[in-house]
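Please take a moment to look over the sequence and the structure shown below before reading on. The report that follows goes through a few parts of it in turn.

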Amino acid sequence: MLGLMQDRPLTLTHVFHRAEQYFGHKTIVTASTTDETSTTIAEWAVRVRRLATVLDTLGISADGRVGTFCWNTARHLELYLAAPCTGRVLHTLNIRLFPEQLVYIANHAEDEVVFVDRSLLPLFWPLVDQLQSVRHVVVIDDGADAEVPSDPRVHDYEELLAAATPFEGAFPVLDENTAAAMCYTSGTTGNPKGVVYSHRSAVLHSLVALTTDAMNLSERDVVLPIVPMFHANAWGLPYGCLLAGSSMVMPGPNMTPQAIVSLLERHKVTVTGGVPTIWMGVLPLLPEHDLSSLKTILCGGSAVPRALSEAYREAIGVPMLQAWGMTETSPIATVSSPRSHHADWTEDQRADFRARQGVPAPLVDVRLVDPETGEPQPWDDRATGEVQAAGPWIAREYYRGEGGGAQFTEDGWLRTGDVATGDRYGSLRLVDRTKDLIKSGGEWIGSVELENEIMAHPKVAEAAVIAIPHEKWVERPLACVVVKEGETLTAEEIIEFLTPRVAKWWLPDAVEFIDEVPKTSVGKFSKKTLREKFAGQRG
Ligand code: ADP
């Protein structure tokens with residue numbers, strides 16, 4: 001017997017129409033390097049409608065890829081809706097990638113048009129002749145003085161919008177499985193791989209962002225997405241905010257700690273999200289600012305150091321809310337929101353819990369599997385296994401099946417490449433990525449776990465642990481440590497600090513002091529670079 005409910009497709013057109021109709025009075029503020037502009041959702045929606053017809057006028061194919069090379073701004077959000085609501089596919093290009101990778105990605109996705117913030121033209125324009133499918137480059141003038149090339153492919157965003165008639169009425173009903181957006185993994189190994197989100201996956205992911213144990217977004221929130229809109233759709237915040245009706249504050253190009261803290265304070269932001277590096281930068285500024293409006297600091301993308309989260313709790317009463325995921329998981333897969341059984345826990349125990357990656361979001365299935373034998377592991381918080389995920393917003397394959405077959409199991413689960421333990425309440429604790437694990441004498445050492453212990457030292461700013469070859473043990477840990485400004489520290493002091501905290505055979509064989517941990521294009525520790533740097537070291 002079939003259920004008798006309406007079979008309405010889950011599409012972003014609903015998200016747009018809902019925001020336009022009910023939240024027209026809400027605002028989106030965008031900061032630039034010099035000033036700030038504010039628009040209402042009603043004004044923004046008219047611009048989305050104009051942009052929809054601009055895409056037609058430019059002759060973009062019915063499912064053409066619409067590239068963006070932009071900061072977090074209200075105008076980028078116009079593209080976020082206009083492309084998918086007209087059946088096109090939004091393709092956010094990561095402005096921090098190497099030129100060869102950008103060229104590869106834009107050609108692989110077959111972008112027909114790229115919308116570029118004027119301040120980013122100097123990065124983008126030198127590549128344009130290598131982009132085989134790009135017929136139009138639309139420059140969004142963000143007040144920067146970068147020269148705009150005089151070339152028949154180049155258009156001005158505001159001129160196109162001004163000349164366009166707004167699309168009228170409801171956007172056409174689309175199949176919910178149609179592609180809405182795509183994003184390439186940052187390619188820490190091999191070529192970047194294309195992840196293609198559908199309308200259905202984007203809507204379901206946004207809906208979960210509104211749940212209390214995930215991001216808890218509501219109409220009453222003022223949200224500042226610091227995580228870039230070119231990185232896994234800014235963790236789903238833009239679509240989530242539109243669905244909820246939250247006000248938004250977009251940071252634009254100025255990502256200095258001073259600019260961020262000032263936006264948080266002046267706009268009484270309630271929810272924000274960014275990678276740990278951002279929050280490390282903002283931390284010293286906290287005492288000079290009133291951030292009493294803030295209730296959620298979403299943090300993820302790499303392990304959130306316990307000490308960082310605690311520093312925020314002590315300074316402003318709000319610890320980090322850790323989430324774990326990846327481009328392939330849209331990205332929210334787990335969130336470390338507090339549990340009822342913590343009621344009689346000490347603050348210390350809660351801090352330990354917050355340093356974990358969290359509990360799978362509704363509709364996300366997670367299993368832990370021995371990477372060598374394929375055996376499922378128990379959720380006893382001791383056995384470790386590769387995290388495999390399945391769910392309606394988890395990728396099932398890469399765009400054009402590219403190089404990623406190995407990342408999906410025969411029964412259709414995503415192999416995340418992360419290694420974790422899980423407790424009986426479903427809370428994951430990541431110990432490593434499969435390729436970063438250190439195998440010493442046949443036993444695994446979790447580099448992420450060891451890093452967290454080192455970063456708990458009050459004089460340590462950052463630490464990354466990599467494997468170095470060892471004659472007897474095969475691999476041993478090497479700790480690369482960045483000391484906080486104005487402090488001094490020796491290798492012996494670090495080993496002494498670690499001794500009561502980790503098993504003896506986990507203690508690093510060597511400690512190297514470095515000025516900065518090299519980062520990838522999305523701000524994560526680049527262990528590849530460190531491995532190259534210390535290639536000659538032996539344990
Ligand atoms: P890439 O895989 O190219 O680095 P992603 O941004 O998709 O790009 O990164 C996903 C990876 O980031 C995860 O597989 C995981 O290793 C790491 N990660 C994300 N969130 C966390 C977290 N909260 N704690 C630890 N690692 C995390």
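How far is a nitrogen atom of the ligand from an N or O atom in the side chain of Gln 322? In this predicted model, the distance between the ligand nitrogen and that side-chain atom of Gln 322 is 2.9 Å. A polar atom in the side chain of Gln 357 is found 3.0 Å from a nitrogen atom of the ligand, while Ala 303 takes part through its backbone, with an N or O atom lying 3.3 Å from a ligand nitrogen. The ligand taken alone exposes 560 Å², and the protein buries 94% of that area.

## The shell around the ligand

The shell consists of 19 residues, and those that come nearest to the ligand are Ser 186, Ala 323, Thr 327, Asp 418 and Lys 524. Sorted by class, this shell holds 11 polar residues, five nonpolar residues and three charged residues.

Two strands, E14 (320-325) and E20 (428-433), each supply at least two residues of the shell. The largest share comes from E14, which provides four residues.

## The sheet that includes E14

Strand E14 also belongs to an open sheet of nine strands with mixed pairing, in which the order runs E2-E1-E11-E10-E12-E13-E14-E15-E16. At the edges stand strand E2 (36-40) and strand E16 (359-360), and because each has a single partner strand, one side of each is left without a neighbour in the sheet.

In general, the strands of a sheet are paired through backbone hydrogen bonds, and this can happen in a parallel or an antiparallel way. For E14 and strand E15 (residues 332-335), the pairing is antiparallel and extends over three bridges. Within this part of the sheet, Gly 325 stands opposite Ile 332, a residue of E15.

Another place to look is helix H3, which spans residues 74-85 and contains Ala 82. Is Ala 82 buried or exposed? With a relative accessible area of 0%, Ala 82 is buried, because residues under 20% are counted as such.

When neighbours within four places in sequence are left aside, the residues in contact with Ala 82 are Val 48, Leu 51, Ala 52 and Leu 55. Gly 194 is 112 residues from Ala 82 along the chain, and the C-alpha atoms of these two residues are separated by 21 Å.

Technical notes:
Residues numbered from 1 in each chain as written. Predicted model: local features only at pLDDT ≥ 70, side-chain atom pairs only at ≥ 80, totals over all residues. Heavy atoms only, no water. Near = heavy atom within 4 Å. Polar contact = N/O pair within 3.5 Å; in protein donor to acceptor, adjacent residues only side chain to side chain. Areas by Shrake-Rupley, 256 points an atom, 1.4 Å probe, with all protein chains shown as cover. Nonpolar A, V, L, I, M, F, W, Y, C, P; charged D, E, K, R; others polar. Buried < 20%, exposed > 50% of the residue type's maximum accessible area, 1.4 Å probe, protein only. Contact = heavy atoms within 4.5 Å. Pairing = 2+ DSSP bridges.
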